Amino acid sequence: MHAADQPLLQARSVNVTLDGRAILNNVDMAIYARQIVTLIGPNGAGKTTLLRVLLGLVSCSSGRVTRARRLRIGYMPQRLRIDPAIPLTVKRFLALNNRTSRSAVRATLAEVGAAHVENSQVGVVSGGEFQRILLARALLRRPEILVLDEPAQGVDVAGQGDLYRLIATIRDRHGCAVLMISQDLHLVMEASDSVICLNHHVCCTGQPEAVSQHPEYLKLFGAERLGGIGLYKHHHDHVHDLQGEVVPLNGEPNHGGPDQRERDDVHG
Amino acid sequence: MFMDDFMLRAGGAGLAVALVAGPLGSFIVWRRMSYFGDTLAHSSLLGVALGLLFNVGLNLAVLAVCVTAALLLAALQQQRHLASDTILGILAHSALALGLVAVAFVEGLRVDLTGYLFGDILAISDRDLWWIFGGGALAMLGVIGLWRPLLCMTIDEDLARVEGVPVTWVSVGHMLLVAVVVAVAMKIIGILLITALMIIPAATARRLVSSPEQMALLASLIGGGAVIGGLAASLQWDTPAGPSIVVVAALAFVAVQLVPHRRMLAGR
């Protein structure tokens with residue numbers, strides 16, 4: 001464990017130029033133990049590049065990146081496609097390069113809600129299942145920090161909320177920090193301690209509620225994304241579990257009723 | 001039926017090459033590097049020409065050129081302006097053309113190109129046999145030693161890098177091992193057909209297995225079977241040995257594709 005006052009990952013005045021294009025411009029950020037920090041920003045804003053710089057996969061043109069010594073990182077890349085030519089079961093993929101036991105593999109798969117694919121070939125699982133498998137693999141490294149690049153991609157809208165709630169519980173259960181990229185502030189609101197809005201430079205940063213009101217954020221995403229204004233809200237009378245099965249919400253199927261549930265699906 | 005000494009030598013050499021071609025060929029299939037193997041093989045003709053021109057041992061010259069070509073390719077793949085298959089195409093054909101031109105400069109010696117292009121088991125001397133056994137054993141030890149990091153980086157380079165795998169060195173190591181096998185296998189199977197002995201058995205094994213290790217092992221067995229079958233056919237019908245081996249391997253590939261899918265093991 002690292003001292004709580006020392007950042008696990010820190011970028012100081014980081015500039016990155018790729019092929020003559022400035023991707024990151026004077027970016028400062030830090031993440032501390034047990035913190036959940038979310039990077040948001042439009043496409044092409046340099047979010048993935050910032051993660052890759054912090055992980056040491058891309059070198060910065062100027063500035064400094066520091067990582068805590070011998071930091072155990074669990075990484076979930078944005079796009080990982082395992083070539084179907086490689087015969088590989090899920091449990092083998094999870095144990096590969098990890099000093100772990102079969103029971104730990106099983107328990108972690110159960111924790112992320114993917115226990116049923118343990119013996120499947122990685123090539124045949126669905127996109128959502130594969131994201132959970134990647135999360136399980138990151139967790140099996142007993143990380144001090146999880147770095148997640150759009151963890152909910154390929155997951156349907158209902159499942160995305162579940163996945164972000166799962167990530168929040170993982171922080172509590174494993175005591176690790178979480179640094180993630182997300183497209184949607186609404187979904188990560190309740191899970192994040194801090195949000196960094198990035199558009200090549202850090203536009204604004206702070207608690208999710210504060211960022212969602214920030215003029216820079218509104219300028220980037222447009223006012224229609226501001227919570228509550230011009231949004232079509234409705235309630236579902238059922239939800240889908242991780243395998244896509246219908247699970248009724250206990251209680252009356254009160255469409256549009258006044259009872260505010262946690263699962264408002266928001267269509268903006 | 002008499003069994004000549006040269007048939008035993010050819011059989012021993014062929015089996016040694018097939019054994020190591022199993023695991024190395026599996027990685028070539030997984031990493032989509034079959035064109036890389038071809039490029040190395042084509043450049044080995046330049047090794048033959050240089051060996052003849054400067055009166056150096058042919059085995060040594062071919063090995064040196066193959067290793068140099070592998071390192072050159074590894075370096076060229078670091079740049080991002082041209083796709084790697086373009087670079088391989090340029091190098092493969094330039095090396096082959098350069099080799100053919102250089103062979104023409106060899107004075108007072110009519111070089112039998114067919115023997116180099118398609119293999120010549122009659123030409124395998126005891127010294128060649130030791131090269132094949134030595135090179136094969138070296139490549140086998142290398143691929144076993146690199147197995148886990150190579151498998152990790154084959155699945156995903158970024159993930160492997162974050163997990164501490166020295167990706168660049170492992171990749172160069174794999175290329176060098178392929179170069180060694182290409183160099184020692186030239187005599188038996190020929191420049192134009194070496195890649196076939198690496199990828200056809202591995203591709204044949206794919207449908208029948210559910211783990212990377214099974215695929216490597218089965219590829220070795222299928223390759224060994226193709227060598228024995230091909231040499232037997234060559235002896236029986238006086239066909240060229242290298243092509244006969246490849247034809248047997250290709251027949252095995254076709255046969256496996258014809259087996260109905262549901263009878264397969266947990267493949268795909």
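Modeller: Strand E3 (residues 36–40) and strand E7 (residues 177–181) of chain A run parallel, joined by 4 bridges. Strands and helices here are DSSP runs, strands (E) of at least two residues and helices (H or I) of at least four, numbered from the N terminus. Within this pairing, Val37(A) sits opposite Leu179(A) of E7(A).

This is a predicted model, in which local features need pLDDT of at least 70, side-chain atom pairs count only at pLDDT 80 or more, and totals for chains, interfaces and linings use all residues. Residues are numbered from 1 along each chain as its sequence is written, while chains are lettered from A and ligands numbered from 1 in the order in which they are written.

Now the whole sheet. In chain A, 6 strands make an open sheet with mixed pairing, in the order E5-E6-E7-E3-E8-E9. Two strands count as paired if DSSP finds at least two bridges between them. Strand E5 (73–76) and strand E9 (201–206) of chain A are the edges, each pairing on one side only. On average, neighbouring strands of this sheet are turned by 15 degrees against each other, direction ignored.

Next, the helix over the sheet. Helix H1 (residues 47–55) of chain A lies across E3, E5, strand E6 (145–149), E7 and strand E8 (194–199). H1(A) runs at about 150 degrees to E6(A). Such angles run from 0 to 180 degrees between N-to-C directions, with axes fitted to C-alpha atoms, for helices over the stretch in contact. Contact means that two C-beta atoms, placed from the backbone, lie within 7 Å.

H1(A) is mostly covered, with 8 of its 9 residues buried. A residue is buried if 20 or more other C-beta atoms lie within 10 Å of its own, exposed if 12 or fewer, and partly exposed in between; the C-beta atoms are placed from the backbone. The buried residues of H1(A) include Leu50(A), Leu51(A), Val53(A), Leu54(A) and Leu55(A). Lys47(A), Thr49(A) and Arg52(A) are also among them. Gly56(A) follows H1(A) and has a positive phi, near 85 degrees.

Two further backbone sites deserve a check. Most residues other than glycine have a negative phi. Ser13(A) is not a glycine, yet its phi is positive, about 45 degrees. Ser13(A) lies in strand E1 (residues 9–18) of chain A. Ser13(A) counts as exposed because it has 12 C-beta neighbours inside 10 Å. Arg142(A) likewise is not a glycine and has a positive phi of about 45 degrees. Arg142(A) is found in the loop between helix H4 (127–140) and E6 of chain A. With 14 other C-beta atoms within 10 Å, Arg142(A) is partly exposed.

Last, the partner chain. The contact between the chains takes 20 residues from chain A and 23 residues from chain B. On chain A, the side touching chain B has 14 nonpolar, 4 polar and 2 charged residues. In this scheme Ala, Val, Leu, Ile, Met, Phe, Trp, Tyr, Cys and Pro are nonpolar, Asp, Glu, Lys and Arg are charged, and the others, Gly among them, are polar.
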